[in-house]
Amino acid sequence: MCDDGNDGKAKHSRIVICPFSGQSKQWVNTRENWRKARRSKIEANTDRTDLADYEFFTFDGPSKKRLKERLQSCVGPDEVIYIFGHCAPGSIDLAKEVSASSESITAFALAKTLKNEVFLNKSFAGKIKIYGCNSALPNGAKKSFAHSFACIMKLYLYHNCEIHGYAETLVDGYVGAHKIATSDSALVKALNTMIQKDEAFGSGIDSKYNEDHSLRPSKFRQKMEISEEMLLEFYNELKPKK
């Protein structure tokens, strides 16, 4: 478990990763929205010393180096790692932007980077949440991104962590202290308007919203099913380099 080194009590760390070489405009907006909401939560719970602020990283050089150092002591179970990107039902990619030409990363490449480049501890027993729209949804025979990623992590012997995906559309903001996930398109539009006006950060509609919608990600239940393409990519990596 990560320790902040101040009062000796471990923090509930929240590490947010944009797994790309640079920052998108939405990433910058999301980062500021999350920071604002998290600090409000910390200020409202002064009796709790275990609440840590969000920490944000990308896969560019300097940030990846800091992420590597940060992950060494994180083993869970109270740590949560968010992987941020655009997703779709049955996709094996997370994208930096919505456009078709956007930089993207496959479930395999993401798992490989966590293992080989930033050295996520094999004993990590926290949660990895794929924070992308519909990242827990399949598309016909195509498994969800969260499913593919979890299978690769299992092949890499990460047996202790939980992989979560989202079965809803994600809104770039908060209602009260909660990140938003909903399939109600009208509500998404209304909340986006409120977020732009800074009206969704209070607690006014938080109670009503929580009664009607689940804000928690869909927990992935591991079952080893993986595409032939991804399995071949995994085994090719195991071959000795000539």
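Reader: In which sense, left-handed or right-handed, does H3 pass H4?

Author: A crossing is left-handed if the near helix is turned anticlockwise from the far one by less than a right angle, and right-handed if clockwise. This is a predicted model, in which local features need pLDDT of at least 70 and side-chain atom pairs count only at pLDDT 80 or more, while totals for chains, interfaces and linings use all residues. Residues are numbered from 1 along each chain as its sequence is written, and side-chain values use heavy atoms, without hydrogens and water. The crossing of H3 past H4 is right-handed.

Reader: Which class do H3 and H4 fall into, given their angle of about 40°?

Author: Helix H3 (residues 107–116) and helix H4 (residues 145–155) have axes 9 Å apart and pack at about 40°. Angles under 35 degrees count as roughly parallel, over 145 as roughly antiparallel, 65 to 115 as roughly perpendicular and the rest as oblique. The two helices, H3 and H4, are therefore oblique.

Reader: Which residues have the most contacts inside the largest nonpolar core?

Author: A nonpolar core joins buried (under 20% relative accessible area, 1.4 Å probe, protein chains only) Ala, Val, Leu, Ile, Met, Phe, Trp, Tyr and Cys residues through side-chain atoms within 4.5 Å. The largest has 44 residues, and those with the most contacts inside it are Ile-81, Leu-110, Leu-120, Ile-128 and Phe-149.

Reader: Is Lys-41 buried, partly exposed or exposed?

Author: Lys-41 lies in helix H1 (residues 25–44). Partly exposed covers the range between buried, under 20%, and exposed, over 50%. At 29% relative accessibility, Lys-41 is therefore partly exposed.

How values were computed: Axes fitted to C-alpha atoms, helices over the stretch in contact; angles between N-to-C directions. Helix = DSSP H or I, 4+ residues; strand = E, 2+ residues; numbered from the N terminus.
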